[in-house]
Amino acid sequence: RSSKRICRRSSAFGSVVSTDSIEGAVTSPNTFDVICDADELQLKEDCQHTGNNRVKVLLDVHTRNYKKSDPAGKQKIAQKIVCSIIDDASSQFLQMDELGRIYNPMPRELAFACIKNSLDTSTEGEKRHFRESEVKKLMARKKKKAVLGRFERR
């Protein structure tokens with residue numbers, strides 16, 4: 001992409017032109033662009049944008065291998081996902097400005113960090129869910145044991 005002050009992009013609603021002073025900034029993301037949360041450097045949680053949904057599917061596919069990988073392997077998985085979005089789908093990672101009107105493109109390094117943080121968060125969530133299910137099983141066994149103990153005392 002050339003670095004121009006005017007960025008002309010096509011979307012489902014036609015051509016969108018941004019004349020802001022920020023190079024590459026757009027007012028409406030393309031279908032497969034990924035919108036990230038600027039504050040937490042993760043995928044935007046409540047965003048139902050097609051590009052974000054696509055990345056969530058990619059994250060789900062790679063989560064199991066990501067959990068098992070060493071730090072170098074985790075970096076490779078994050079790079080693979082980012083390259084899939086940027087190079088294969090000709091899309092970009094975007095951050096919304098403070099006013100919520102303009103999307104600024106993220107450098108590739110920040111996109112890697114965004115994907116890595118999202119993968120780390122998803123694996124932590126799975127660990128938490130596993131712990132909660134194990135605690136429930138333990139409490140059920142403890143309750144069953146207490147009930148059996150009452151019958152034995154009679």
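The following dialogue examines how terms are applied to a predicted model.

Biologist: What makes up the secondary structure of the protein?

Modeller: It comes to 3 helices and 6 strands, in the order β-β-β-β-α-α-β-β-α along the sequence. Helices are DSSP runs of H or I with at least four residues, strands are runs of E with at least two, and both are numbered from the N terminus.

Biologist: Where does α1 bend?

Modeller: The bend, of about 50°, is at His62; the angle is taken between axes fitted to the seven residues ending there and the seven starting there.

Biologist: Why is Ile115 called buried?

Modeller: Buried means under 20% relative accessible area, exposed means over 50%, and partly exposed lies in between, with a 1.4 Å probe and protein chains only. Ile115 has a relative accessible area of 0%, and therefore it is buried. This residue lies in helix α3. Of the 154 residues of the protein, 33% count as buried.

Biologist: Which residues does Ile115 touch?

Modeller: Leaving aside residues up to four places away in sequence, Ile115 touches Val55, Leu59, Ala78, Ile81, Val82 and Phe93. Contact means heavy atoms within 4.5 Å. Val55 and Leu59 are among the buried residues of α1, and Ala78, Ile81 and Val82 are among those of α2.

Biologist: What makes a space a pocket rather than a cavity?

Modeller: On a 1 Å grid over the protein atoms alone, a cavity is a set of points where a 1.4 Å probe fits but cannot get out, whereas a pocket is an open set with protein on both sides within 12 Å along at least five of seven lines. Lining residues have an atom within 4 Å of a point.

Biologist: Which residues are closest to the centre of the second largest pocket?

Modeller: Of its 12 lining residues, these are Leu43, Lys56, Leu59, Ser118 and Ser122.

Technical notes. Residues numbered from 1 in each chain as written. Predicted model: local features only at pLDDT ≥ 70, side-chain atom pairs only at ≥ 80, totals over all residues. Heavy atoms only, no water.
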